[in-house]
Amino acid sequence: MEFLDKLKRAPEKYFAFFAAALVFIAYLFNQGLGRHYPVYHLWDMDLVTVSDLILLESGLLPAHVHHPGFGMYLFLHAAKAVGMAFGLVTTASLEQIRNALSPVLSFVELIEFVRSLTPFLVVATCLFQWRALLAILSPNPIGKLLLLTLSLVQSGIIFHSLLIRTELFAVFYWSIGHL
């Protein structure tokens, strides 16, 4: 009880530290969770997304017309450009895949890169939704941490950190709209 009393009276800088630590732990948890599954575990949407991304990067139309994926491909195009600038991604087009020693490894690299972005999207979505809740509810520091914790441990959002799904990108953009 004494800790809670001290936390209630603690200045905002302690709150920021606890909130940042909570977000960092949630990000690492989600990132680590996805590392346990091989590339072929959820191949359908992962492979479709990466193939269509490569086709779009090559100036062609996507092979699969499915969910409204414009927001996903817009984000992935920018993220892939940043990944290429930092040497995290080496495949940008069909021409590079054609010249690769193993085209399958190019797909694997890109799938793993895109999958590594989903925990970031999950945590960012939770943070944006949390900020919206703070504006509505105006809780005390303990209430803020409780809301943040509840936002970060939702089972559905943790599950989506394992997948490449258009729905995650849609909810990400929707949560930005709440700011």
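Predicted model: local features only at pLDDT ≥ 70, side-chain atom pairs only at ≥ 80, totals over all residues.
Colleague: OK, how many helices and strands does the protein have?

Modeller: There are nine helices and zero strands, taken as DSSP runs numbered from the N terminus (H or I, at least four residues, for helices; E, at least two, for strands). The C-alpha trace spans about 65 × 30 × 30 Å along its principal axes.

Colleague: At what angle do H4 and H6 pack?

Modeller: The angle between H4 and H6 (residues 103-137) is about 115°, and their axes lie 11 Å apart, where the axes are lines fitted to C-alpha atoms over the stretch in contact and angles run from 0 to 180 degrees between N-to-C directions. The two helices, H4 and H6, are therefore roughly perpendicular to each other.

Colleague: Which residues make that contact?

Modeller: On the H4 side they are Phe75, Leu76, Ala79, Lys80 and Gly83, and H6 contributes Leu110, Phe113, Val114, Leu117, Phe120 and Leu121, with contact meaning heavy atoms within 4.5 Å.

Colleague: Switching to aromatics, how many pairs are there?

Modeller: The count is five aromatic pairs, where rings of Phe, Tyr and Trp (its six-membered ring) pair if their centres lie within 6.5 Å, with planes under 30 degrees apart counted as stacked, over 60 as edge-to-face and the rest as tilted. One of them joins Phe75 and Phe172 edge-to-face, at 5.9 Å centre to centre with 70° between the planes. That pair links distant parts of the chain, since Phe75 sits in H4 (residues 70-85) and Phe172 in H9 (residues 166-176), 97 residues apart. Both also belong to one aromatic cluster with Phe128, Phe169 and Tyr173.

Colleague: Is Phe75 buried or exposed?

Modeller: Phe75 counts as buried because its relative accessibility is 18%, and Phe172 is buried too, at 7%; buried means under 20% relative accessible area, exposed over 50%, partly exposed in between (1.4 Å probe, protein chains only). Of the 179 residues, 40% count as buried.

Colleague: And what does Ile97 touch?

Modeller: Leaving out residues up to four places away in sequence, Ile97 touches Ile54, Thr91, Pro103, Ser106 and Phe107. Ile97 lies in H5 (residues 94-99) and is buried, with a relative accessible area of 8%.

Methods: Residues numbered from 1 in each chain as written. Heavy atoms only, no water. Parallel < 35°, antiparallel > 145°, perpendicular 65-115°, else oblique.
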